There are 2 protein chains.
Amino acid sequence: MSKGACGHEGEAAGLAGRALDAALSEAGVRVAAADERLTDSRRRVLELLLEAGGPVKAYDLIAAYGQGGAKPPTVYRALEFLERLGFAHRLESLNAYVACPRSGEVHAAAFLICQCCGATAEIEPEVSAGVEVAAEAHGFELRGLTLEARGLCGACR
Amino acid sequence: MSKGACGHEGEAAGLAGRALDAALSEAGVRVAAADERLTDSRRRVLELLLEAGGPVKAYDLIAAYGQGGAKPPTVYRALEFLERLGFAHRLESLNAYVACPRSGEVHAAAFLICQCCGATAEIEPEVSAGVEVAAEAHGFELRGLTLEARGLCGACR
DNA sequence: GAGTCCCTTGTTACGGTATAACGTTTTGGG
DNA sequence: CCCAAAACGTTATACCGTAACAAGGGACTC
């Protein structure tokens, strides 16, 4: 089964209108608190991610950017910034990016990814706390963690 | 700190000689048991992965394949096969592939990846068993799992 | 206000990653 | 032998991401 095969793919609900404005303005505050700048391109990419409400490919962001689109480095730089500050995550197994529902708080990411409709759910990283024990046992200093589970969401089962 | 910065990058010890032959012949047995075929290209790619003893990029496999190299689809098909049967894993965060030390037994993969020397250690997937609970709570049917931890291995600390 | 620094951006071009689509060959079973 | 399924070879192309360098712009000092 591949993505889009089951007819549920339209379900991801992104932000719009007032909720979107509020999220962006909230982001502006937290960026300022971190002594960084939420520039136009960074704000625009975050806006696109929030509107999408789910994983988005980098080149879709590039195409949707507006004014005829943006050049790749513009979007990739913005994504790097958003990841660094915890506003977005990269989904390694999809080559896609997603806005973080716990925006602004830097944390490890863990996801459930529906193979059918493409929806994602971010879950609590504590579920993988056992990794710390394993890392310790190997003399390994843990710095970051990616956990991506594939399967079927409730709607697609 | 980026890969290769600390001078430990040569440590991954791959298989060679008799051990390599033994591993390949063992693989042949398990492939046959699964009612599949270990063809020349599949065998060659597995051999390259085992020799490397660590993550290898697809295009390095293509270049190293021999006889002037192979075409991309040849190697990607072999990798897909090896993954399907549990002889190799894809490291999503590195765009690389690695032979599986528990070859032939299909299982979830979990890795510690050294950001300095590039070495990887495969750890037991039980460390992430809590994901099953989270998936259940979301009504999510779990089918596969990727866990990749980044940090520093003992030698590089 | 001129100089300077650093961060951010714009732009071009390129390299690495992976797959589509096709026809051909091999394999194993009837 | 003949057929169907699996595997392969080949060409071409699409997708993903970054290198490199020039230029803008705000904050700070002198």
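## The interface between chains A and B

Chain A and chain B bury about 2800 Å² between them, with carbon and sulfur atoms giving 59% of that area. The model is predicted.

The rule finds 14 residue pairs in polar contact between chain A and chain B, both residues at pLDDT 80 or more.

## Salt bridges

Side chains of opposite charge can pair when their charged atoms come close. Over all chains, the structure holds 12 salt bridges. Across the interface of chain A and chain B, the rule finds 2. Which side chain of chain A does B:Arg157 meet in a salt bridge? The partner is A:Glu141, at 3.8 Å from N to O.

Another salt bridge lies within chain A. There the side chains of A:Arg30 and A:Glu26 meet at 2.7 Å, N to O. Both residues belong to helix H1 (residues 17-33) of chain A. They sit 4 residues apart, about one turn of the helix.

## Helices H2 and H4 in chain A

Two packed helices are described by the angle between their axes and the distance between the axes. In chain A, helix H2 (residues 40-52) and helix H4 (residues 72-84) have axes that come within 9 Å and cross at roughly 80°. H2(A) and H4(A) are therefore roughly perpendicular to each other.

H2(A) brings A:Ser41, A:Arg42, A:Val45, A:Leu46 and A:Leu49 to the contact. H4(A) brings A:Thr74, A:Val75, A:Ala78, A:Leu79, A:Phe81 and A:Leu82. The classes are 8 nonpolar, 2 polar and 1 charged residues.

## Helices H2 and H4 in chain B

In chain B, the pair is helix H2 (residues 40-52) and helix H4 (residues 72-84). Their axes come within 9 Å and cross at roughly 80°.

From H2(B), the contact is made by B:Ser41, B:Arg42, B:Val45, B:Leu46 and B:Leu49. From H4(B) come B:Thr74, B:Val75, B:Ala78, B:Leu79, B:Phe81 and B:Leu82. The residues in this contact of H2(B) with H4(B) divide into 8 nonpolar, 2 polar and 1 charged.

Terms used. Residues are numbered from 1 along each chain as its sequence is written. Chains are lettered from A and ligands numbered from 1 in the order in which they are written. This is a predicted model: local features need pLDDT of at least 70, side-chain atom pairs count only at pLDDT 80 or more; totals for chains, interfaces and linings use all residues. Side-chain values use heavy atoms; hydrogens and water are left out. Axes are lines fitted to C-alpha atoms, for helices over the stretch in contact, and angles run from 0 to 180 degrees between N-to-C directions. Helices (H or I, at least four residues) and strands (E, at least two) are DSSP runs, numbered from the N terminus. Angles under 35 degrees count as roughly parallel, over 145 as roughly antiparallel, 65 to 115 as roughly perpendicular and the rest as oblique. Contact means heavy atoms within 4.5 Å. Ala, Val, Leu, Ile, Met, Phe, Trp, Tyr, Cys and Pro count as nonpolar, Asp, Glu, Lys and Arg as charged, and the others, Gly among them, as polar. Buried area is the accessible area (1.4 Å probe) that two parts lose on being put together, summed over both. A salt bridge is a side-chain nitrogen of Lys or Arg within 4 Å of a carboxyl oxygen of Asp or Glu. A polar contact is a pair of N or O atoms within 3.5 Å; within protein, one must be able to donate a hydrogen and the other to accept it, and residues adjacent in sequence count only if both atoms are side-chain atoms.
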